[in-house]
Amino acid sequence: MKPIRLTMTAFGPYAGTEVVDFSALEASIFGIYGETGAGKTTIFDGISFALFGQSSGAERAPEDMVCHHAHATDLTRVELVFDLGSERYVVWRIPPQQRAARRGSGTTSQSHEAYIFRATGMALEEITEDNPGEVLAEKKVGAVDARIEELLGYNARQFRQIILLPQGDFRRVLTASSDERSPILKQLFDVGLYETFVAQIKTRAATFARRISDERIRRSTLLGDQTEGQLDETIRSMTEEITTLDATIETQTKKSDEHQKAFSAGEALAQRFNALASARNDSDALRVEGETVDTLRARLKRARAAQDVLVSEAASRTARREHAGASDRDREAQDGFKAAVSAAELARETLKRTAAKHVEREAARARASELRRLKEIHDRSASLLGELTSVQAATSAAEEAVTKASNKNAEADSALSALRELQRQHPQHVRALQNATAVLAALEREEEALGRFEAAVARRDRQALEIERLVGIHESSKECLVSARSAFAHAERDLTEIQALHVARKLAPGEPCPACGSRDHPDPATGDPERRGRHDEFERAGVALRSVEDDELAARTSLAAARATLEERQAEVDALARPERDRPALAPLLAEARETAARLGADTRFAELDAKLTSAETAARGASADFEAAKEALSAAKAAELAAQTAYDTTLKDVPKELRDGEALSRALRAAIDDRDTLAAEHDAAVEGEKGAAVTLAASERAATIAKDQLARATESLSNAQREFADQLQRAGMDEETFRDAKADADRRTELEDQISGYDRRVAANAERLRGLEEEIGDRSEPDLPALRAARDEAQSALEKSRDDRSRLKGLLDSRRDLRRKVQDLTVAINDLEDEYGPVGGLSDLVNGNNERKVRLPDFAIAAMFDEVLSAANQRLGPMTDGRYQLLRPEITGGGRQKQGLDIAVFDGNTERARPTKTLSGGEGFQASLALALGLSDVVQRNAGGIKMDAIFIDEGFGTLDEETLNTALETLYELTNDMRSVGLISHTEQVKAMITEGFDVEATPSGSHIQRRNSTV
């Protein structure tokens, strides 16, 4: 990469736009000169920032590049034109900053932006802001950074190692101790890959070792005090014992089944004897119930006879209802006739009264006509009233408009004065906002670092609490394990005891013991042999013990893993720098900075201030003109109102004053019309009422005659129905009281019939049941169930004991087999883990320093790369010192072996001895430092994939060198130009200026620094 032109605007100390045209230089080596603080290193910052968004030393953030000398309207921006082989590229970069708003005079936030263009084939003067070339990536900083790194083949850190040489760092590298040199070299060489590999392989090996240890502990815990061989012998012995018990159980099962069949047959015969006795009791009860059924049969007979009389009874009730209805209708008809006579007389009287009001009706018609005429006059004046109302409203509106125009005129003058005051305050506001933004950015970076540190501490503390919790769980699980082992031993003793009791119950004097065969029984077991469930308790205790053992092992394993995690969490905390301020100290500063920045940023008073001023001035002029126009409109409105009032009063002179109001006149007219219509309607209603009353009277008279005839016919029908009912009762042989009793049963005939037929069916069924049971029993006698039950229970007890013995042994055998399977699985797992751990553990020991040289892999990598640097440096140092000096790493003897650290010694060809670098003179030390810096550049360049560097910059003072040493150093730099490299160096000494005349001068002024190209002829 070879820089061609650098353009900086409002960048660092440069308030304006400064252009550094490297292509105009005639020599390949040039200097950048100026007083301390003028901004010489800022030129290197500009190149580094344009390419990577970072300063040349990486110690300043992008927003720190903004120039504080510049005006708020000037946008900080850097452009770099550079060549890469035969290709030419242009990079623009804008750091985050507060800039002037495009509208108005406020400020807004500018985000970080970057652009890269291809300008191959374009002359330098053709590259402008409007014509930068072909866009490769724009705006998105990440995309531009990735494209630049892809083109260059190195990143910002490598750029600072191989192009921008921080000479002072290599002077420290030259004279530092081995321990001091190691972190410096780690910054220069990226050994993060080795550190990551070492950490990963160490973690992996530790994981394998921890897993192997955990599995061995689990296997040892499962086996307890026995060996795997002893476990296998126990399983074989138990298997043979279970085989013997299986044969015994088979014989006892057949015997128990025979006794069970005999007992079941006896139970079935006993049930038949019980059923026969029950059937005979049911027969006696049915004979007693027969007397009640005979009564039901008599009631059913009477109910059937009453059914025939029910029709006549219903006809008699119907005739009685119809007679009562006819009597009611006759009475109502007579009452209606009398009422119609009275209504006819009243209608004739009303007609006479209304006929006498003829004069009153005529007067009402005349009053209504007069008011209608006045209403027509008033309606004709309505248009004049509308005109009057309109002009009155116009007058009121004009008065209101004058008031509003006056207020607006005053408001416009006030607003204009306020905006002119803001215009005077605006520059101070912009400066305050820029300062607040810079302070906030620095505090937020500090807060982010504090957050990372607090998060790591919190993770460590949470892990410590987790360990406390797991310790409690482990202690609890150990207590549970002790309790479970005790319960299992107790259950095993109880089971053994109950088995002894079962054997003791079978012992007889002189008979052999079924367990040992002895005929002597000096001390047989005693107790309750009927206690049940001992085997189930033993099984449950065994299952519980295995579960608790698994829980204790899991708790112990979890605790060990948690402690390893705590060590990792503590390492994370130790790797982070401890913050200078804690959160209580930082929080108020950060809150104050945020509040200040937010308050200043949210102040919208200055937004679009110029436009607001122009608008306010225009509004003030308009408000004044509107006020004058409103006053003229008010005078014209008052004149129009006077003319409209005069025309309206002239038209209404014939209308009485009390009726000039439209509503009052309308009410009077409606009242007159209502009075006239009421009198006419009253007379018409009287005429119609008299006619209707006469018609109603004739109809009532006809209705009374019809009702009387219907009553006579109903009386005759009632007499006939009553005679028919009496005849039916006589034929049925019942009086009315007997009929009423039988009629109640007539509705329940079905129920009575069901009761009787049900009884008959039960009698027949009972007889059939007695016959069947007597045939099944025959001549057999009742069985002796207690004796049969005792024989069955004895056989089942013997079988149950044998089964309990087998179940106990089977449970123990399954437990031992499960234990053997788990132990075998653990052995296989341990062997597999040890096979995997072998190479991983060996490699972990090797890279973590457990080797012959006691050197870790990252340190070995640093030493190897450092040897390359020393070799490349010696290729520079030899010619500079006429072959006198060579840099080397001395061997240190200790502990019976030799090793090399990171110390540097210088071999002096004159004395043929090595001595410390601190013994070199100032000039010799600079020669060694420069050789070391150039050697680093060469090594990094080779390790970066053979990338060819077209330029190198050295930021170092040369003022301490004598003329001869300086000449030698510069000759070395001139040799670099033979490789087609451009060499730029920074100095403020006159001696270097005189020797290297080509370059640039940086001049600092109160308003900002400026760059000028030097005249090489001077």
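Where is D735 found, and between which two helices does its loop run? I began with this residue, keeping in mind that the model is predicted, and I found D735 in the loop between α13 (662–732) and α14 (736–746).

Next I turned to helix α6, which covers residues 192–223 and has 32 residues. From its first C-alpha to its last I read a reach of 46 Å, close to the 46 Å expected at 1.5 Å a residue. I listed the buried residues of α6 as V198, I201, A205, F208, I212, D214, E215, L222 and L223. For the spacing of such a list I kept a general rule beside me: an α-helix has 3.6 residues a turn, so residues three or four places apart point the same way. Just after α6 I came to G224, which takes a positive phi of about 65 degrees.

Which residues other than glycine did I record with a positive phi? I recorded K139, with a phi near 65 degrees, and D882, with a phi near 55 degrees. I marked these values because most residues other than glycine have a negative phi. K139 lies in strand β9 (residues 134–139), whereas D882 is found in the loop between α17 (857–880) and β11 (885–888).

Is D882 buried or exposed? I wrote it down as exposed, because its relative accessibility is 75% and the label applies over 50%.

Definitions and conventions: Residues are numbered from 1 along each chain as its sequence is written. This is a predicted model: local features need pLDDT of at least 70, side-chain atom pairs count only at pLDDT 80 or more; totals for chains, interfaces and linings use all residues. Side-chain values use heavy atoms; hydrogens and water are left out. Helices (H or I, at least four residues) and strands (E, at least two) are DSSP runs, numbered from the N terminus. The expected span of a helix is 1.5 Å times one less than its number of residues. Buried means under 20% relative accessible area, exposed over 50%, partly exposed in between (1.4 Å probe, protein chains only).
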